[in-house]
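Below is a short briefing for a reader who has not seen this structure before. Please keep the sequence and the 3D view at hand while reading.

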Amino acid sequence: MEHLTRDLEALAAVPARFAGTQGERQMLDAVRQRLPAGLAPRAEGLVAHTSPAWFLALHAVLLLAAGVLGVWQPGWAGVATAALTASLVLEADGRGSPLRWPFPKHASYNLVARAVSEHSIGAVVFVAPLDVPRWRPDLPRWFRRRPVQGLISAGVVVTGSCLLRAIADETAAEEVHRVYIFALVVLGLAAGLSMLGNRRVPPRTSDTTGPAVVLELARRLSERPIPGVDTWFLFTGCGYAYQEGMRAFLACHAPHGSNPSAWSLRDPALVIGLHEPGRGSLGAVISEGPLRVEPHRPTGPALAERLRWAGVDLREGERPGATDANAATRHGLRALTLAGVGVPTVENTRRAAEIAETLARWYADDLHQVEQQRVA
């Protein structure tokens, strides 16, 4: 507990650790200094766009401007709103929109450490972001479930009404115009909520429980390794910015990659994401996605359900945003996110580390049982 308390205090002293900034690199150095001596971490660079909220706001403003243009040029406005709505779908899904490409990227870094097991038959990756989000959703509870869907729906309606106005005859023009004005008002409200319904994160944040849990796991597993399983300790840059750090890690280390090396993940691999796990009510995220529901592959949720059978108070749920585990799931890996809600505490952080360690050991036991049956 003393190690954990000191970790939380030391990491909380790093200010303004937004993605792609000097604060994020200071956080990487602070974590590297606190890793166990037996591990040999290495920093891996990447470049990425670092402000998802800014690009969503840009789409909202341009959609509203294109919709207003429809008062005079409904045909051109319909084409513009259709293109912007399609671009917004790509942006909200984290896949990269055309509007994002002209803007510069920023340098960021992952910190990667691993403990290789003799006769390894699989791997477990513990991952936590080094950065914090620049903006957090601050919307009413009724509007908190993927609010960008409302903006996309309004864009679709405005596109349809603009195109109808462009082709409508004189007898239908007035009725179509009323529908268009109503759709434009709805679009304006959706755009306003999407831009105003966020709050700026203070430069200094007290929640460093994700990196602290991974540090605690590194100490525990250095003293008592999991036999037959490689354990990876990953601290991602841009964890809140399109999960670019996790994507870069998988591009370099994922099993069956285009460039296998000694630092490739052993297949099968399980990714356990630690997303502010020290907050009050810890839960297992079994499906997530910024735009649509993306269930995790069964391995992680099944392990969480076994903990519930064992009497552990671990809620299961869905997350409207995305974490590093979501990026791993999209890459085809097994993943699970442990996320908390509430005020971060040392005791909750310790409990999250124990649950993550239990999940990893149970996963290793399952792999050994499958290996024995295959040999038999």
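**Backbone, helices and burial**

Ala16 counts as partly exposed, because its relative accessibility is 26% and the buried class ends under 20%. The model is a predicted one.

- Ala16 lies in the loop between α1 (2-12) and α2 (22-34).
- Although Ala16 is not a glycine, its phi is positive, at about 50°.
- Gln243 also is a residue other than glycine with a positive phi, here near 55°.
- The loop that holds Gln243 runs between β6 (229-236) and α8.
- Gln243 counts as buried, because its relative accessibility is 8%.
- Asp267 and Pro268 are joined by a cis peptide bond, with omega about 5°.
- Pro268 sits in the loop between α8 (244-253) and β7 (269-275).

**Packing of α4 and α5**

- Two packed helices are described by the angle between their axes and the distance between the axes.
- For helix α4 (residues 74-92) and helix α5 (residues 148-167), the angle is about 160° and the axes are 8 Å apart.
- The two helices α4 and α5 are therefore roughly antiparallel to each other, since an angle over 145 degrees falls in that class.
- The crossing of α4 and α5 is left-handed.
- On the α4 side, the residues that meet α5 include Pro74, Gly75, Ala77, Gly78, Thr81 and Thr85.
- On the α5 side, the residues that meet α4 include Val148, Leu151, Ile152, Gly155, Val156 and Cys162.

- Helix α7 covers residues 209-223, which is 15 residues.
- From its first C-alpha to its last, α7 reaches 21 Å, close to the 21 Å expected at 1.5 Å a residue.
- Of the 15 residues of α7, 13 are buried, so this helix is largely enclosed by the rest of the structure.
- The axes of α1 and α7 come within 9 Å and cross at roughly 140°.
- The crossing of α1 and α7 is right-handed.
- His3, Leu4, Asp7, Leu8 and Leu11 are the α1 residues in this contact.
- Their partners in α7 are Thr209, Pro211, Ala212, Leu215, Glu216 and Arg219.

**Gly278**

- Gly278 belongs to the loop between β7 and β8 (283-288).
- Gly278 is buried, because its relative accessible area is 0%.
- Between Gly278 and Gly340 there are 62 residues in sequence, yet their C-alpha atoms are 6.1 Å apart in space.
- Beyond its neighbours within four places in sequence, Gly278 is in contact with Thr209, Val343, Pro344, Thr345, Asn348 and Thr349.

**Arg361**

- Arg361 is part of helix α11 (residues 346-375).
- Arg361 counts as buried, because its relative accessibility is 15%.
- Not counting residues up to four places away in sequence, Arg361 touches Leu221, Arg224, Pro225 and Ile226.

**Cysteines**

- A disulfide is a covalent bond between the sulfur atoms of two cysteines.
- With sulfur atoms within 2.5 Å as the rule, the count comes to 0 disulfides.
- Cys238 is buried, because its relative accessible area is 0%.
- Cys252 is partly exposed, with a relative accessible area of 45%.

Terms used:
Residues are numbered from 1 along each chain as its sequence is written. This is a predicted model: local features need pLDDT of at least 70, side-chain atom pairs count only at pLDDT 80 or more; totals for chains, interfaces and linings use all residues. Side-chain values use heavy atoms; hydrogens and water are left out. Helices (H or I, at least four residues) and strands (E, at least two) are DSSP runs, numbered from the N terminus. Buried means under 20% relative accessible area, exposed over 50%, partly exposed in between (1.4 Å probe, protein chains only). Contact means heavy atoms within 4.5 Å. The expected span of a helix is 1.5 Å times one less than its number of residues. Axes are lines fitted to C-alpha atoms, for helices over the stretch in contact, and angles run from 0 to 180 degrees between N-to-C directions. Angles under 35 degrees count as roughly parallel, over 145 as roughly antiparallel, 65 to 115 as roughly perpendicular and the rest as oblique. A crossing is left-handed if the near helix is turned anticlockwise from the far one by less than a right angle, and right-handed if clockwise.
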